[in-house]
There are 2 protein chains.
Amino acid sequence: MAEPRVSSIDGKLAEEFAAPSQVDEVRERMTAFARLHAEAGRCVVLITSGGTKVPLESRTVRFLDNFSSGRRGAQSAEYFLDAGYAVVFLHRHRSLYPYARTFSSINVLDALQFSGGDQDRVVVNPQVLPNIAKVLKKYQEVTASQLLLPVEFSTLSDYLHLLKASAQALSSIGSKAMFYLAAAVSDFYIPACDMPEHKIQSSNGPLQLSLKMVPKILSPLVIDWAPRAFVISFKLETDAAILLEKARQALDTYRHQVVVANVLDSRRGHVVVVTPTSQHEVVLSKEDVDNQVEIEEKIVTNLTAAHKHFIGQQVG
Amino acid sequence: MAEPRVSSIDGKLAEEFAAPSQVDEVRERMTAFARLHAEAGRCVVLITSGGTKVPLESRTVRFLDNFSSGRRGAQSAEYFLDAGYAVVFLHRHRSLYPYARTFSSINVLDALQFSGGDQDRVVVNPQVLPNIAKVLKKYQEVTASQLLLPVEFSTLSDYLHLLKASAQALSSIGSKAMFYLAAAVSDFYIPACDMPEHKIQSSNGPLQLSLKMVPKILSPLVIDWAPRAFVISFKLETDAAILLEKARQALDTYRHQVVVANVLDSRRGHVVVVTPTSQHEVVLSKEDVDNQVEIEEKIVTNLTAAHKHFIGQQVG
């Protein structure tokens with residue numbers, strides 16, 4: 001596969017994808033965040049998480065989406081914070097969020113109760129949420145120390161522009177920046193100029209959609225925007241037979257450091273960490289599962305060690 | 001527009017849309033729920049809420065979706081409960097839920113705090129959620145009286161089969177059943193036989209999608225499945241110019257009782273309740289907005305009165 005032309009990708013981004021209004025303000029906040037933490041001796045990871053929305057109409061009623069709850073990103077953020085990283089969490093609006101993910105599968109009202117006979121005082125029922133005190137304590141510590149900077153996206157356009165802004169912001173801290181690109185980004189889109197303004201009418205009959213290929217943003221990120229950073233992309237397939245070949249192809253094409261490869265059905269218990277020179281399986285054992293160990297803890301341990309080694313090489 | 005042939009729609013549903021595994025069990029629960037409440041003298045409303053997912057692959061990574069947070073459905077459910085109805089809440093997984101919608105725009109952890117110096121006891125901060133005691137009390141009353149039966153869908157197939165099951169379940173209570181079809185249901189789908197098994201590869205180039213039209217389920221619902229029920233559909237457009245014509249067309253085609261017509265941008269402050277013989281605007285005044293009145297309260301007041309009148313006519 002030929003290396004994509006970086007300048008043309010950057011041009012397409014400016015021409016065909018509308019930038020979110022807050023992009024300059026967010027870039028400034030991320031730049032200040034990265035510098036502050038780098039000066040305090042910390043590494044900074046940019047985590048992308050959740051799926052991107054691809055509108056089919058300008059006044060959007062319908063859209064294409066990618067399956068992703070944002071679980072991997074939200075869990076990983078917690079383990080990076082545990083490892084001493086500062087985290088920029090670039091996530092899909094309403095996708096899972098670090099610490100708050102604890103409530104994702106319950107109705108919060110089922111976890112609340114009145115305190116004794118007092119009909120005004122509402123408390124958390126520790127029998128429904130046994131870890132709530134521990135989770136709240138961690139969340140409050142992270143909030144107080146300003147180690148987590150959340151940034152939201154909804155559409156593919158938001159995502160692409162905010163990722164570029166993040167890369168520019170984090171480039172100032174060189175190899176101390178890590179990109180952990182776990183978001184499920186659409187490969188296809190409809191350019192704004194091809195989009196109808198109004199809701200597509202079903203009375204017009206069956207729908208034919210022509211989608212263009214999304215520019216491969218990883219190229220300018222690695223070559224231009226943050227050339228000294230440690231970059232990890234994710235490869236999700238449903239067909240295990242093509243997974244590792246796809247991961248190797250991505251490393252060959254984009255020349256970044258790591259691909260975390262996983263198959264949809266087994267992604268919570270098995271991933272392969274692929275680098276240009278190695279291939280390492282990360283697996284949850286039966287014992288891990290019994291102890292409620294999450295695979296993201298092991299992925300993050302592997303990657304923070306690799307990042308440390310990478311930083312050492314740059315300095316030496 | 002010719003009236004759709006009902007038998008062919010029912011056949012297509014069986015052939016081209018996979019039924020969710022729990023559909024028989026859910027039908028039984030809904031039947032028991034409807035009978036119990038009808039015997040106690042209550043009306044029962046089936047509310048559909050949220051958007052439907054249309055998969056592009058059998059092992060789904062990508063899907064089409066319809067914009068809908070489920071706000072209108074969740075809010076309406078509360079006002080129907082206030083009006084004495086029992087509610088079957090057929091909603092998209094993770095869309096807004098009655099009462100719990102109170103937290104939808106905040107991170108719940110920001111609303112929790114430790115009680116005094118006690119690091120084990122977690123309480124709700126009433127300054128962040130001033131209405132929490134009132135909301136929790138209502139939720140607990142509704143739960144205790146078993147007036148709310150939640151049923152979840154994700155895909156369009158789930159939705160269509162569960163709606164049919166609901167209609168069959170509620171048909172036994174005749175005109176005491178109301179259908180309040182507020183879900184944002186896709187007009188287009190890809191039949192299972194046309195779907196690739198695995199994730200579509202972006203290396204294959206641009207994507208052409210051919211989507212068929214979803215069978216108009218309202219026809220068999222009104223004619224066959226629940227012929228004595230009071231049925232309300234929703235019409236959402238982005239173009240105000242065609243809205244009322246579309247609403248009238250729907251009433252002509254399906255012969256149900258009400259269309260609630262609304263435009264995307266103004267839907268929270270303005271709807272038109274259209275019947276075969278009338279057209280009534282429901283609007284929030286500036287005073288309503290200041291008093292945090294929700295338009296769903298007014299919509300529900302309008303419709304429960306119309307339903308009462310409808311029941312009277314059937315008996316008479």
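**Buried area.** I looked up the area buried between chain A and chain B in this predicted model. The value is about 5900 Å², and carbon and sulfur atoms give 57% of that area. I then asked which residues of chain A lose the most area to chain B. They are A:Leu109, A:Phe188 and A:Thr238, and together they make up 11% of what that side buries.

**Contacts.** I noted that 65 residues of chain A are in contact with 65 residues of chain B.

I found a count of two salt bridges between the chains. I looked at one with A:Arg62 and B:Asp187, whose side chains meet at 2.5 Å, N to O.

**Where the chain A side comes from.** I listed elements of chain A that each supply at least two residues to the side touching chain B; among them are strand S3 (62-66), strand S6 (118-124), helix H4 (132-144) and helix H7 (240-254). Which element gives the largest share? I found that H4(A) does, with seven residues. By class, I noted 32 nonpolar, 16 polar and 17 charged residues on this side of chain A.

I checked how S10(A) and strand S10 (residues 207-213) of chain B are joined. Five bridges link the two strands, which run antiparallel. In this pairing I saw A:Leu211 standing opposite B:Leu207 in S10(B).

Methods. Residues are numbered from 1 along each chain as its sequence is written. Chains are lettered from A and ligands numbered from 1 in the order in which they are written. This is a predicted model: local features need pLDDT of at least 70, side-chain atom pairs count only at pLDDT 80 or more; totals for chains, interfaces and linings use all residues. Side-chain values use heavy atoms; hydrogens and water are left out. Contact means heavy atoms within 4.5 Å. Buried area is the accessible area (1.4 Å probe) that two parts lose on being put together, summed over both. A salt bridge is a side-chain nitrogen of Lys or Arg within 4 Å of a carboxyl oxygen of Asp or Glu. Helices (H or I, at least four residues) and strands (E, at least two) are DSSP runs, numbered from the N terminus. Ala, Val, Leu, Ile, Met, Phe, Trp, Tyr, Cys and Pro count as nonpolar, Asp, Glu, Lys and Arg as charged, and the others, Gly among them, as polar. Two strands pair if DSSP finds at least two bridges between them.
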